[in-house]
Amino acid sequence: MRLGEALQILGRAGGERKMRVHLLCGFMPLHLETFIKAYLTLRFPGTSSSLAGGLYGDLEGNIQGAREGDGAIAVIEWSDLDQRLGFRASAGWQRETLDDIVTQVEEKCRRLEAHLIELAQKMPVAVASPSLGLPPMTHLPPSQANDCEVRLNVILAGFLQRIAGHGGIRLVSGSKLASISPSNARHDVKMDLHAGFPYTLSHADVLAEVSVQCLFPAPPKKGIITDLDQTLWKGILGDVGVEGISWSLEDKSQGHAIYQQALASLADSGVLVAIASKNDPKLVEAALQRPDLLLLPSQIFPVEASWGVKSEAVGRILEAWNIGADSVVFVDDSQMELAEVAEKYPGVEGLRFQPDDPAAIVDLVWQLRARFGKSEVLEEDRLRLKSIRASASALRENTVEPSADFLVRSEAKVTLETASADPRAFELVNKTNQFNLNGVRYTEAEWKALARRPGAFLATVSYEDRFGPLGRIAVIGGYREKDRCYVDTWVMSCRAFSRQIEFQSIRQLFAKSGASEIRFRFKPTDRNGPLQTFFAHFFNGGAGAEGELQLRPDDFERLCPSLSHQVNDKWSM
Amino acid sequence: MVNVNDKLSRCFALAFPELDPSQYSTASTENVSEWDSIAQLTLLTLIGEEFGREIDFEEFEGATSFKALAEVLQVQ
């Protein structure tokens, strides 16, 4: 992005929602500030972002001074750890000063560590470690690493390792920066000396983009649908047979092994993986049993192998997963198949697998990592595929909408737990679309602030039946005022539909709070149809327009179906 | 000169979005309150991008009005 483009983006920015982010650095923030604001605007459209800075040359004080905010980006350079490691100081690089520099850097890192950990209690913090090199301060030629440089790098690595272990702190990836911003094109010496701003425009742009992505990662996609022939493996299964397909160095098909490993790793972190292939289903079943396959058959569901059109297979997979098309990536080597699926499901993102170009395959794997990467893998991520399989199996036993008898036979258990510090609650609220009270998304700081409101309550709801656990699949939250409960957060994963969990959640909220009325802060969105359908049970003519919907316990019980869950109450209110 | 003024006006539009375009030609640090040292750096960087040239800050020292900037750019 050019500086002019960044300013144009800022010129168009604005919105009712306000966001405050701290940029913590010891240099003049200048263009880095502009780029960060522009990337925040792109990340959060319709939001006005303000960037709080600090004093020049006082990174430590600036970190200490950061108070309220939605997040902070701390950009550290060597000169912040000791001024003599920058080019604006003139204290000399004599042999005898080097030991002192190392000592000072070590002490400074210790202090920064304490301040950053304290700051991370208040808001999420992204930390960018020095992206500029050390100055030429020893007698050695540049090709030879000197002792001082090695010691400084060890101290820095230790500091980064220690802070990375603290929740709330995320390290900006040096590898990612290196892949898009060459180290010899980062330092603008002229600008550094003239204005105290050390970066070239191109590096400031990259640093801003990666830092914003690190602080506020985009919600990850949920599922990958992959083709088989010339994609998951080399060869046409119908032509070469089960033993003829390959994914190995010996067979010059290692690119497919790289792809399989990537899929297996993503599946392990909870990403859904399905197959859509024009193939003989029996042959596919046999091929997927090959013991050297790097993606385990248990990690794949469903397998759609037939001679029908790809978009129909994709449709059946979306139905089995019960997730929106825009959460899904489709990978195929055929541009025609990609186009056919795109026409039917424009929300599904198509990525082409290029079997003859290993570099393109590695690039594809990075693209998948960018779309599916997540900061934390929760128990629910591991349960997701199992529960989808179980649901499919359960529905095969019955009709599409389970009967009350079926739910009784399912031995359904619902557990409600206090959720104020549960990262799963935050994750669910920010990624659920269909059963979502109002579609409001929160930053971590806003989320923490909600929990501090007087009378605040927040619970997660877990579900389990004889088909297996679904994990924590719903969140309900709000605040209590006198004898009323105001609910402004209520979401439920689509995996949990048709189990009457939503009715049970409301019954438990009435019971737990003793409220004479619940007021739901409802807002219709393009995608919360299932929530609106649920509200149609209780409100004549449906939920209608944005506003507060009032429900009294007697009305609820009159209209609520018979519920057969066993309730496990771990919710303190 | 027309081309220089047009390009320079585009830089002013980005650096001083609140300023009415009719005021560009007479704008200077004297009559535009937002035009401080930081804004000057932003403006010069935008000029570098718009004109496709590396900016030598010393050459622009004292160029604190639209007219003066246009003159330096014209000479270059």
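Predicted model: local features only at pLDDT ≥ 70, side-chain atom pairs only at ≥ 80, totals over all residues.
For the complex, the predictor reports an ipTM of 0.89 together with a pTM of 0.74.

The secondary structure of chain B consists of three helices and zero strands, arranged along the sequence in the pattern α-α-α. The C-alpha trace of chain B extends over about 25 × 25 × 20 Å along its principal axes. The radius of gyration of chain B is 11 Å; because a compact globule of 76 residues would have a value near 11 Å, the two agree. Of the 76 residues in chain B, 24% are buried. Among the contacts in chain B with a separation of 6 or more, 55% are accounted for by residues 24 or more positions apart.

The contact between the two chains involves nine residues from chain B and eleven residues from chain A. On the side of chain A that touches chain B, the elements giving two or more residues are α1 (3–12), α2 (30–43) and α8 (189–195) of chain A. Of these, α1(A) gives the most, with five residues. By residue class, this side of chain A comprises five nonpolar, five polar and one charged residue.

Terms used:
Residues numbered from 1 in each chain as written. Chains lettered and ligands numbered in written order. Helix = DSSP H or I, 4+ residues; strand = E, 2+ residues; numbered from the N terminus. Rg over C-alpha atoms; globule rule 2.2 N^0.38 Å. Buried ≥ 20, exposed ≤ 12 C-beta atoms within 10 Å, placed from the backbone. Contact = placed C-beta atoms within 7 Å. Nonpolar A, V, L, I, M, F, W, Y, C, P; charged D, E, K, R; others polar.
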